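Here is a friendly walk through one model, in questions and answers.

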Amino acid sequence: MKKLLLLIAGLCFLFSCAKKEKEFVYTTVDERFEVLRQQQLLMSSQEPSTAYELNNDGDEIEDRISPVVNGFCEMISKDNFESPFEFEKNFSSSVQFNNYLSSIKDLSSINDKCLGKKIIFDKYPLLLVEYELEKSDNLYVSFRVDNSLLVKSMYPFFKSSFNIRYHDVAMRDKTTISTLSFELEDKKAKTIFIKTPYFHTDSNSYYMYKAMEWTNKGYNVVIQSNRGSHASGGVFKWLHELNANDSEDAINWITEQDFSNGKVISYGVSYDGFNALASSVNSPKGLESVIACSAPSNAQTDSFTAGKTIEAWLLNYIANRENPDEINLFYEKVNYLIEQNTKLEDIDNRLYSRDIADWQDLMDARNSGDLSTYWKERTILEAIEKSTIPIFHVAGTDDDQDGRDTILAFDHLKKNALNPSLHHLYIHHEGHGCGDFIQELAGDFLDGKFSNYASEYRRVSASQKIEEVTPKRFENRDLVLSHYTNEAQDTIINDRYDTLDRKETHLHFTANEDLLINGKMELEVEGIWDMFKSNVTVSVFKLKNQQFERVHWMLSNSTRSSFIIDSKVGSPTKLSLTLPPVLFDLKAGESLFVFFNTNVVDYLDIFMADRSEYYLDNPNSGVFRLLDTGKHRLKVSVEKMDETTL
C-alpha cells in the first residue's frame, strides 16, 4: 500500500479526488432567470407523458471496454507512462497531457508486470478492474469513461485485506439495485452503508476514497446507487419517501452476508445524508446508528425548492442522477425554449428526448394548482418520528446549503420524536459535509456508546474546541430590528407585475457591544399582507466600513430563505423563518441589515400565470407590509467569551 501513496496524491490532483463534503455544491444562481419568469406568463398546461425508465438490463460491454482495460495493463508492463501516443489511446481529450505527466509519473515506481485482469463491473460510465501484478499485491483501478470509452478519471489502489464484489440486490418489488461491497478478509465486522445517486458522476473517486478510509478503520463498506440512478433499476425520485423501503431491504441484505456481524451504520453527506436518514424510518433490524451530514429531509426547505420556488437546475440535477451525460449549454437552452413559448412540462423532452419522471410529478402538481401532494411524498421528517435508531445530525456554518435543513430536522425531532434523546446535533465551522465530526467526535458513537453523548455540540470559535451547547458557553439573544424611517411607504413592498417600484424594504440592528454569532438564526417579523402564491425573500448582510458583507450565501438575494405568502391577512400577524447556521462577528457600532425582496431572479416562478390572473381580478392585492410594532426580532446564538478563551 505504501508504494502507491505518492501516486494517489498525484492522481487526486489530476482527477479531482476532492472530499465531497468540502467542495460539492448543489446550486447556481443566475440572473438570466428574470427572462424565464417573464416568459412563463405565456405558458399553458398539457397532459403529462409516460415517465421514462432507464434500461439497466443491457449486455456486458467487456469487448467494447477492453482497449481501456488492456491499455492500462500495457502501461504498467511496458512503462509507457510518458508516451503521448499511449496517453492518447486511453485518455479523454478533457484530460490535459501535462497535468497527466506530472501526476502519473509515480506509477513507474511500481516496477512491476501486469499478468492479467478481472473486471469487477462494467456499467457505463464506470469500470472497476482488478489487475494481477507479478511482484506486488493486486491493483484495483476505478475508471470513469466518456462516450468514446476513453478515461476521464481513475482511482488506483492496491488490494489490502479486503475484496470488492458487485451485486444486483433485489428489492421487495423485484427491482434490482446496483451495489458494491468492500469486504474485509477473514473478519466479520460492522458495515458502513452509503446509498447515493452520485456514484456514476465525477464524484466516483470520492466514494472509492471513502471506502478506503472506512476499511482502514476496520469496517466493511457497502455503496449502493439509488433506485433509477446509474445501473439500478426503477425510476429515480428526488427526496422521495420510497428511499425508506429500499434502504430497509438493503440493510436486511447486508446483515445476511458472510462479511457482516449483523450491525450496520448508515452514513452520508448531502443527498447521501437524506438516504441515511431515510434508512432509519422503519427501524430495520441490524441498523445500529445513522450519521447524516448536511442532509436535506424536506423538499419544501431544500435549496432547490425552498419557499415553494423551483430552481431550473433541478431538472438538470434529477436527469443526471439517471444518466451521466451532461446537457451542453443547459441554461441557454432552457432560456431559449421558454422564449419560444415551450410549455414547462415539455422542456425535459426537448432537452433529454424523454420525460423525466420527477419533473413530470412536479408539473402534475403545478397543474393541479397545489404542490401539497408533491411535498408530502418528498419529506421524511414525520416518518422518522417513530424511529428507534440513534441519529447524529451534522452541519457546517461555512455556506452549507443544507445546514438549515439539518437544523430544522433536529429541532422537529427533538420536539416530536417518540424518543428525542436519540437525536444529536453537531455544528462545525467547515462547509457542506461532516467537517471534523468523524475524526474528533464520532468515536464512541461508531462504537455504539450512545449514552456518552449529550444533545447538542458546537465548535467554539475562540478555542477551536468542540463543546456541549450549554448556557455557560452559548447565550440566546434577541436582536431588535427596526426601520430607518417611520414613513409607511418605506415598509411596504409588492410583487405585482404592472410596476417595478417598491420591490424591497429592510430592517436593521446596530450592535452596542462586540458579538460573536455562532449557530442558527431565526427571524420573527410582524406584518399584514394580501398576496397570492407569493414569496418574500430574506437576505442578511453585515455593514462594515460602509461595505456590505454577506454572512451566508443562502442569505444573499436568494430564494433559499423566504416566507411563503398565500393569503390575505388584515390584522398584525407574526411570521417566523429559520435561517441556516452561521459564524460571524459583529463589532460594537457595526450594523446588521435584513432585506425583504419580491424581485429575486434565481428561480422558475411556476405559479406566475396564476398570480397574474388573480391580480387582474384583485387590483388592490399583491402587497406586503412590515408593521412598526417593535416586535421584529432576529434570534441568534451568541458564543460567550471569557478570559480563558480570549
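**A covered helix**

Q: What makes helix α10 (residues 313-322) count as mostly covered?
A: Ten of the ten residues of α10 are buried, and buried means under 20% relative accessible area. This is a predicted model, so please read every value here as computed from it.

Q: Which residues of α10 are buried?
A: They are W313, L314, L315, N316, Y317, I318, A319, N320, R321 and E322.

Q: What covers the buried residues of α10?
A: The cover includes α9 (271-279), α11 (330-339), α12 (344-352), α13 (357-368) and α14 (372-376). Contact here means heavy atoms within 4.5 Å.

**The sheet**

Q: What is the order of the ten strands in the open sheet?
A: The order is β5-β6-β8-β7-β9-β10-β11-β12-β13-β14, with mixed pairing.

Q: Why do β5 (162-170) and β14 (466-468) stand at the edges?
A: Each has a single partner strand, so one side of β5 and one side of β14 are left without a neighbour in the sheet. On average, neighbouring strands of this sheet are turned by 20 degrees against each other, direction ignored.

Q: How do you know that β5 and β6 pair?
A: Two strands pair if DSSP finds at least two bridges between them. β5 and β6 have nine bridges, in the antiparallel sense, so by that rule they are a pair. As an example, F162 has L184 in β6 as its bridge partner.

Q: Which strands does helix α16 (residues 403-416) lie across?
A: Helix α16 lies across β11 (391-396), β12 (423-428) and β13 (456-459), and runs at about 155 degrees to β12.

**The cavities**

Q: How many cavities of 30 Å³ or more are there?
A: The count is four.

Q: Which residues line the largest cavity?
A: Its lining is made by N226, R227, V235, F236, K237, H240, L242, N243 and D246. By class, three are nonpolar, three polar and three charged.

How values were computed:
Residues numbered from 1 in each chain as written. Predicted model: local features only at pLDDT ≥ 70, side-chain atom pairs only at ≥ 80, totals over all residues. Heavy atoms only, no water. 1 Å grid on protein atoms, 1.4 Å probe; cavity = no way out; pocket = protein on both sides within 12 Å on 5 of 7 lines; lining within 4 Å. Points joined across faces, edges and corners; volume = space filled by probe spheres on them. Nonpolar A, V, L, I, M, F, W, Y, C, P; charged D, E, K, R; others polar. Helix = DSSP H or I, 4+ residues; strand = E, 2+ residues; numbered from the N terminus. Axes fitted to C-alpha atoms, helices over the stretch in contact; angles between N-to-C directions. Buried < 20%, exposed > 50% of the residue type's maximum accessible area, 1.4 Å probe, protein only.
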